[in-house]
Amino acid sequence: MTDTTSRTASRASRAAAPKPVRGPWLTNRRRRLLTGLALVTPALAVVTVFFIVPLIMTFWMSLHDWPLLGEHRFIGLDNYRRAFQDSEWLHAIRFTLEYTLIITPVLLIVALALAFLVHRGGRAARVFQSVFFLPVVIGFAAAAYLWLYLAQPGLGPLSDLAAKLGIAGRDTNWFATATSGLLLVCLMVVWKVAGMQMVLLLSGLQSIPVEVNEAALIDGAGPWKTFRYVTVPLLRPTLALVLVFSVAGSLLAFDQFYIMTSGGPSNGTITAVYQIYRTSFINFELGYGAALSAMLMVVLAAVSALQMLLLRKTDN
Amino acid sequence: MDTLTDVRRSLPRAAWWAACLCVSVLVLYPLYVMLSQSLKSGAEAAENPPTMYPHQLSVDNYKALQDTGQYGIWQHVGNSLAVAGGATLLTVALATLAGYGFAKLRFRGSGVLFFIILATFMIPFQAIITPLFSILHGLGLSNTLLGLTLVYTTFQLPFGIFLMRNSFASLPAGIEEAAFIDGCGFFGAMTRVLLPVAVPGLISTALFTFFTCWNEFFAALILITDESKFTLPVTLTVLASNQLGTLNWGIMQAGVAVTAIPCIVLYLLLQRYYVAGLVAGSVK
């Protein structure tokens with residue numbers, strides 16, 4: 001206490017001495033700047049070294065032939081030219097987009113249904129909300145290994161269930177084709193992520209005043225019309241947010257495919273990030289990997305921008 | 001009549017309960033399987049078709065975790081704790097300082113700096129992993145837990161700073177002024193007056209960072225190459241690959257349980273802060 005007191009006092013007297021009239025005000029501002037800078041500098045330093053520098057380096061490296069060991073060589077835009085003719089990369093992009101197109105609407109519908117189910121409920125509804133959210137806190141890796149077991153031919157309870165329901169034989173290998181592998185990954189992702197979107201949607205639903213819905217009902221709009229013309233427009237900011245999260249997350253998918261399908265069969269389920277991983281850290285072509293990363297960044301930015309634009313347009 | 005969103009009111013009470021219970025079963029069933037499979041004896045865990053519950057409870061799978069892979073599971077638990085705990089402490093410390101700076105000291109240039117830090121939100125680290133690997137190598141931090149901790153901290157900071165800035169900004173300016181009049185400096189005001197009020201934001205930040213880092217897989221897989229330094233999620237790949245062909249799903253699920261259960265327990269204890277932070281952080 002005495003320490004801080006004396007420090008403040010000495011600081012004040014030091015600053016007050018040269019300019020007695022405007023002194024205190026100027027000092028305050030300068031002190032504000034210095035203290036402010038001192039407070040944000042540690043965070044800023046970390047962000048600079050581990051985010052801003054690598055971000056700029058991504059573009060710099062993408063213009064080079066950059067092996068893990070040995071000299072790197074400037075090759076201009078060759079990496080990008082190569083990427084546009086790289087069938088593996090193009091397939092990875094297409095597969096990632098397919099996965100995104102499938103998982104996004106499914107997740108949103110499930111999450112909306114869950115949110116409606118527990119919206120404006122009492123204590124029981126809050127307990128169910130916690131239960132539905134539970135898989136969110138488990139990591140993707142743990143969830144993927146759990147579902148990998150669930151779907152094991154013969155051994156897994158899911159295969160057992162499929163056999164009992166007559167959907168497929170007990171020993172069907174769900175990971176034998178890219179399509180059924182993708183289906184399983186989607187099931188796992190819905191299980192793991194729907195609760196998260198539910199919570200976000202609930203926060204949006206709760207911000208809609210009850211009176212608005214009641215007014216629509218009194219005016220003779222049916223439940224569906226009230227939903228379509230009152231709830232959805234008012235929920236639009238939340239829906240936009242959830243969609244951006246969902247699409248960005250899906251475009252960056254890696255863990256679930258690395259663990260559950262290993263990208264197979266015959267590279268059929270390699271995603272964009274998976275291909276970047278293979279390029280940079282299996283083949284050690286760091287320059288080419290950086291070029292693919294830069295392309296992914298552009299795609300991500302474009303998708304986000306497009307989504308925002310579309311959502312704004314339908315707003316008018 | 002009720003709207004579509006008020007399912008609870010429009011459905012008969014019994015139907016609502018039935019629907020919620022059905023969804024709960026679907027959600028909880030995989031978690032039940034994880035536990036039951038991990039508690040089966042070795043022979044039972046490999047049965048085809050699988051048994052619905054462990055006919056003979058056994059903790060052998062958990063004991064076997066210690067002998068699977070080159071290093072015991074405790075080493076990997078320790079690694080995960082060190083990385084997630086370290087990143088949490090660092091994120092909370094840096095985010096509190098910066099959050100206070102951005103909220104209470106609107107100094108010249110603070111808007112630009114805040115924007116730069118928030119930009120980290122928009123570009124995912126998966127996209128810059130290649131140069132990140134090179135930079136860590138250049139700093140002599142490749143294949144170290146410290147390097148991984150710093151990378152995690154970087155990508156948790158924007159969220160933390162955002163949350164902490166909001167926590168501090170919601171406090172009336174009078175509180176800190178009173179503290180200054182009472183003779184506190186900026187740090188005195190912070191530790192004695194402001195921080196106690198900002199505790200909910202602090203817990204949200206800490207909890208969120210810890211969960212994310214404990215569960216992170218991609219960066220840990222790439223940046224750590226030495227098995228002795230693997231964190232738990234990457235250790236699962238060792239459990240899966242070490243005995244390929246005769247993969248022991250009992251041990252595998254015991255590993256999954258060791259990774260997942262701490263998160264579930266923490267969540268159940270502190271879910272209020274977790275969900276509040278999630279909502280506050282996303283509705284930017």
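UniProt positions are quoted here in the numbering used for this model, with feature names shortened, and such annotations may be inferred rather than shown by experiment. This is a predicted model, in which local features need pLDDT of at least 70, side-chain atom pairs count only at pLDDT 80 or more, and totals for chains, interfaces and linings use all residues. Residues are numbered from 1 along each chain as its sequence is written, while chains are lettered from A and ligands numbered from 1 in the order in which they are written.

**View 1. The annotated domain of chain A.** An unreviewed UniProt entry puts "domain: ABC transmembrane type-1" on residues 93-307 of chain A. That span is 75% helix and 0% strand, and its end C-alpha atoms sit 18 Å apart. (Helices are DSSP runs of H or I with at least four residues, strands are runs of E with at least two, and both are numbered from the N terminus.)

View 2. The unreviewed UniProt entry marks "transmembrane region" on several pieces of chain A, including residues 99-118 and 130-150. Residues 99-118 of chain A are 100% helix, with 28 Å between the end C-alpha atoms.

**View 3. Where chain A meets chain B.** Chain A brings 81 residues to the contact and chain B brings 80. On the chain A side, helix α2 (residues 23-61) gives the most, with 20 residues. Sorted by class, that side has 55 nonpolar, 20 polar and six charged residues. (Ala, Val, Leu, Ile, Met, Phe, Trp, Tyr, Cys and Pro count as nonpolar, Asp, Glu, Lys and Arg as charged, and the others, Gly among them, as polar.)

**View 4. The two domains of chain B.** Chain B is split into domain 1 (7-61) and domain 2 (73-282), with bounds from an automatic or database domain assignment. Their C-alpha centres lie 32 Å apart. Eight residues of domain 1 of chain B touch nine of domain 2 of chain B, and α2(B) gives the most on the domain 1 side, with four residues.

Conventions: Contact = placed C-beta atoms within 7 Å.
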